[in-house]
Amino acid sequence: MTTLFVNACMRGEDSRTLALCREYLQDKEEVVEVDLATLGLKPFDAQMVAYRTEKQKAKAWDDPIFDLSHQFAEADEVVIGAPYWDLSFPAALKVYMEHVSVCDIAFHYTEDARCEGICKADRLTYIASCGGFVEGANFGYEYFCGIAKMFGIPETRFVAAEGLDIVGIDVEAQMDKARAQIAALD
Ligand SMILES: Cc1cc2nc3c(=O)[nH]c(=O)nc-3n(C[C@H](O)[C@H](O)[C@H](O)COP(=O)(O)O)c2cc1C
């Protein structure tokens with residue numbers, strides 16, 4: 001069982017989100033981590049799109065441009081760790097998804113032109129922490145619910161420590177609430 005940990009905790013060791021992710025991951029058998037703060041991925045531009053399209057047409061699936069997509073598609077579980085930034089998540093995570101979202105690796109089209117997910121994972125767990133409260137604006141998680149549907153991952157779930165930047169709030173109590181939610185996950 002391979003768990004792919006997509007670490008979008010851009011503040012590294014100071015990140016409260018990362019602390020929560022580690023609690024969740026501590027009992028997992030085999031964890032493979034992609035650290036987006038150090039990876040320095042480039043967003044796709046015209047040249048990269050053209051290059052990738054050429055490789056897709058040639059079915060050159062061992063080209064390194066597909067490595068992150070293969071890794072995502074082959075994981076048994078995906079864990080996304082991302083602080084709540086600007087109502088969603090850090091831009092590095094969207095750039096990563098540009099690299100992952102490849103037709104004929106993460107999804108494909110059926111003969112009757114339906115998009116069908118072909119990733120192996122049976123669930124995606126999204127872990128966040130937030131300065132305020134997410135309330136009705138959980139756009140980062142909602143995006144990943146859409147991605148999971150498109151990629152054929154049947155289950156998604158969300159845990160967050162909220163209100164961490166509110167003056168006077170008991171930060172440890174908020175973290176403990178999230179830790180309890182994590183402990184309750186199977
Ligand atoms: C660039 C940036 C954008 C943020 N945007 C929001 C936001 O839209 N809403 C919110 O409640 N908190 C926001 N915050 C606060 C973070 O969500 C909060 O500090 C979180 O706990 C950071 O996680 P970390 O400790 O894992 O880095 C933002 C923080 C940063 C640095």
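This report describes the fold of a predicted model and one of its helical residues.

## Basis

The model is predicted: local features need pLDDT of at least 70, side-chain atom pairs count only at pLDDT 80 or more, and totals for chains, interfaces and linings use all residues. Residues are numbered from 1 along each chain as its sequence is written, and side-chain values use heavy atoms, with hydrogens and water left out.

## Overall form

The chain holds 7 helices and 7 strands (DSSP runs, numbered from the N terminus: helices are H or I with at least four residues, strands E with at least two). Their order along the sequence is β-α-β-α-α-α-β-α-β-β-β-α-β-α.

Of the 186 residues, 44% are buried (under 20% relative accessible area, with exposed over 50% and partly exposed in between; 1.4 Å probe, protein chains only).

## Strands β6 and β7

Strands β6 (residues 123-129) and β7 (residues 155-161) run parallel and are joined by 7 bridges; pairing requires at least two bridges found by DSSP. T125 has R157 in β7 as its bridge partner. Between β6 and β7 the chain passes through helix α6 (residues 139-151), in a right-handed β-α-β crossover (clockwise from the first strand over the helix to the second, with the strands pointing away from the viewer).

## Residue D176

D176 belongs to helix α7 (residues 171-184) and counts as partly exposed because its relative accessibility is 42%. Its side chain makes a polar contact with the side chain of R179 at 2.7 Å (a pair of N or O atoms within 3.5 Å; within protein, one must be able to donate a hydrogen and the other to accept it, and residues adjacent in sequence count only if both atoms are side-chain atoms).
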